Amino acid sequence: MEAKWLTWAKEIQGIAQTGLTYAKDVYDIERYQALRELSVDILANYTFESKEKIRLAFAEDEGYCTPKVDIRGVIFQDGKILLVREKLDGNWALPGGWGDIGLSPSEVAVKEIAEESGYQAEAVRLLAVLDKKFHNHPPEPYHVYKFFILCRITGGEAAEGVETNGVGFFGEDELPELSQERNTEKQIKMLFEFLKNPQKPVILD
């Protein structure tokens, strides 16, 4: 479970962002702006990031506040799972990223697989939808839903991408150091359950 201070900061930010979207009264606007600044102060105190960086990444969105969506493509081959090495931290993750406007979750998964691994793929089925707050990821300011979509390779070959510098298949007991922000060991092992039992129902938090 995520830290209470992080939950509170995100909830305050959500109230402030939604309030600023609909507020008309100047005094209400000032109050919501003060709440937004309070959420920035909480994050700055606990993460030691600058307030300016936090505002840009966390407190500049407009409109009704909703969770972000992270989509991961899952490919098995010869009993192993496809992972890519992230340039950002040097660790390994399922190919994937934020959902894109105009693309379905399946289309995003296929796009990310091509961009990050070099393989062409097609989506097969949804495996899991997880709320990141229930899993052991590093703290971050966003509330995130994670979609895991089973895909199959249809062509292409292993190739590095703009954001990746390694592509490989790994067995359940030979996993490399994982990019914890993107996926945990427990989640990868959860996905191997679908390899063992293809009829396993979708997992929902």
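Hi everyone, let's start with the second largest pocket, where α1 gives the largest share of the lining, 7 residues. This is a predicted model, so local features need pLDDT of at least 70 and side-chain atom pairs count only at pLDDT 80 or more, while totals for chains, interfaces and linings use all residues. Residues are numbered from 1 along each chain as its sequence is written, and side-chain values use heavy atoms, with hydrogens and water left out.

A pocket here is an open set of points on a 1 Å grid over the protein atoms alone, where a 1.4 Å probe fits, with protein on both sides within 12 Å along at least five of seven lines; lining residues have an atom within 4 Å of a point. Volume is the space filled by probe spheres set on the points, joined across faces, edges and corners. Helices (H or I, at least four residues) and strands (E, at least two) are DSSP runs, numbered from the N terminus.

Back to that second pocket: about 440 Å³ of space, and 20 lining residues, with Lys 10, Cys 65, Thr 66, Pro 67 and His 143 nearest its centre.

Now α1 itself. This helix has 19 residues and spans 27 Å from first C-alpha to last, close to the 27 Å expected at 1.5 Å a residue; the expected span is 1.5 Å times one less than the number of residues. Among its buried residues are Trp 5, Leu 6, Lys 10 and Ile 12, where buried means under 20% relative accessible area with a 1.4 Å probe, protein chains only. What do the buried residues of α1 pack against? They pack against α2 and α3, with contact meaning heavy atoms within 4.5 Å.

On to the largest pocket, at about 730 Å³. Of its 29 lining residues, Leu 88, Trp 98, Glu 140, Tyr 142 and Glu 181 are closest to the centre. Here α3 gives the largest share of the lining, 4 residues.

Last, the cores. A nonpolar core is a set of buried Ala, Val, Leu, Ile, Met, Phe, Trp, Tyr and Cys residues joined through side-chain atoms within 4.5 Å. The largest has 18 residues, and Leu 94 and Phe 148 are among those touching the most other members. Its largest share, 5 residues, comes from α5. A second, separate core of 11 residues includes Ile 71, Leu 82, Cys 151 and Phe 169. Leu 94 also touches Leu 82, along with Arg 72 and Glu 116, among others.

Thanks, everyone!

Definitions and conventions
Buried < 20%, exposed > 50% of the residue type's maximum accessible area, 1.4 Å probe, protein only. Lists of a residue's contacts leave out its neighbours within four places in sequence.
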